[in-house]
Amino acid sequence: MRNTRRIQRLALAATALAAIGGFLIAAYNATSAEGAGLSLLFSSVFTGFMLLVFASALPPSAAKYICARFRDREPLYKAATTIFFGLTVSILMSYWATQITQRQMEIADRETAPQLTISSFENEDAKYYEISNAKGMAAYVTLQVEERYRFQSGGETYEIGLTFPVELVGETSNLSPSSKEILFRQECSNFDESGVYDNLKTHLSSRGAEPDYLSQVSEITVSFFDHDGQRRAFVFCERDGKMLLTSTDTYRYIPERNLTGILWPGEDAGAAACRLADEVMEGRL
């Protein structure tokens, strides 16, 4: 009976060592302290249960033999245990230091200004804009796609804009280290940029405006809230199939006489631009 109790105590000691081993395994495989704790709990309960069942099932002769073997090698076991615990403490300290460093880096990453990039692609019925974030956080991201035209007539400067409706693809509009991309869909994908420009230039000439001063720009504006809750905007310009960041704010000179309209799917873009030009020149703002 005494030998059986001794075996049970040895089993409990082995359980503690197994628990520490489980903790170390979790330290290298888990991504958080909570994950390490779950691995530790499972390792402790399972290993302890199995060792106690084994110790309780031993016959007296086997228990006596095992105790004698442990007693003969007691100095070796003590030395090995001391070394093991020393290594354990060292590894645990290194693990927790790494966890603290990772959390500090996560906090710094959240409080860093986002680094946004845009790419676009088309399919049969729509054009898609993918916004990617390399660092930082951006909440409640919205996208605006606009074609703007500026011209002069009678010594006045005018500006009109065509805005394309876009919709968010997916459920989240937030960018973070765990969600680095979001997608927007624009249904009007067959916009003829040069055709609309030429059509508007001809129309302005017929209205007595100065077509040689007609300018056009394509802009994609990404608006979001940063980690301080401040509204920000990144403005991109699409040139030769590439998205170039042109500004990190929306402050720009806007002529007093300006008008912007939405270009709905199926609507004639050239006719819409000419109509806006007529309205802004006639003062119907």
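## Strand pairing and the hairpin

Two strands are said to pair if DSSP finds at least two bridges between them. In this predicted model, strand β7 (residues 210–225) and strand β8 (residues 231–239) are joined by seven bridges and run antiparallel. Within this pairing, F225 stands opposite R231 in β8, and T221 stands opposite V235, also in β8. Five residues lie between the two strands of the hairpin, and G229 there takes a positive phi near 80 degrees.

Strand β7 also pairs with β3, again in the antiparallel sense, and this pairing extends over 11 bridges. Here E146 stands opposite E219 in β7. Strands of a sheet pair through backbone hydrogen bonds, in either a parallel or an antiparallel manner.

L200 is found in helix α5. Its relative accessibility is 0%, and L200 therefore counts as buried, the cut-off for that class being under 20%. Leaving aside residues up to four places away in sequence, L200 touches Y149, I160, L214, A273, C274 and A277. L200 and R275 lie 75 residues apart in sequence, while their C-alpha atoms are 9.6 Å apart in space.

## E159 and N258

E159 lies in strand β4. With a relative accessibility of 5%, E159 counts as buried. Apart from residues up to four places away in sequence, the contacts of E159 are R148, Y149, R150, R252, I254, P255, R257, N258, L259 and V280.

One of these contacts, N258, has its place in strand β10. N258 is partly exposed, with a relative accessible area of 30%. A polar atom of the N258 side chain lies 2.8 Å from the backbone oxygen of P255, and the side chain of N258 also reaches the backbone oxygen of E256 at 3.4 Å. N258 and I160 are separated by 98 residues in sequence, yet the C-alpha to C-alpha distance between them is 5.5 Å.

## Aromatic pairs

A pair of aromatic rings is described by the distance of the centres and the angle of the planes. A search of the whole structure finds five aromatic pairs. One of them is formed by Y140 and F225 in an edge-to-face arrangement, with 6.3 Å from centre to centre and 85 degrees between the planes. This pair links distant parts of the chain, since Y140 is in strand β3 and F225 is in strand β7, 85 residues apart. Y140 is exposed, with a relative accessible area of 55%, whereas F225 is partly exposed at 31%.

F164 and F191 form an aromatic pair that is likewise edge-to-face, at 5.1 Å centre to centre and with 80 degrees between the planes. F164 lies in strand β4 and F191 in the loop between β6 (181–186) and α5, so the pair ties together parts that are 27 residues apart in sequence. Both F164 and F191 are buried.

Conventions: Residues numbered from 1 in each chain as written. Predicted model: local features only at pLDDT ≥ 70, side-chain atom pairs only at ≥ 80, totals over all residues. Heavy atoms only, no water. Helix = DSSP H or I, 4+ residues; strand = E, 2+ residues; numbered from the N terminus. Buried < 20%, exposed > 50% of the residue type's maximum accessible area, 1.4 Å probe, protein only. Contact = heavy atoms within 4.5 Å. Polar contact = N/O pair within 3.5 Å; in protein donor to acceptor, adjacent residues only side chain to side chain. Phe/Tyr/Trp six-rings, centres within 6.5 Å; stacked < 30°, edge-to-face > 60°.
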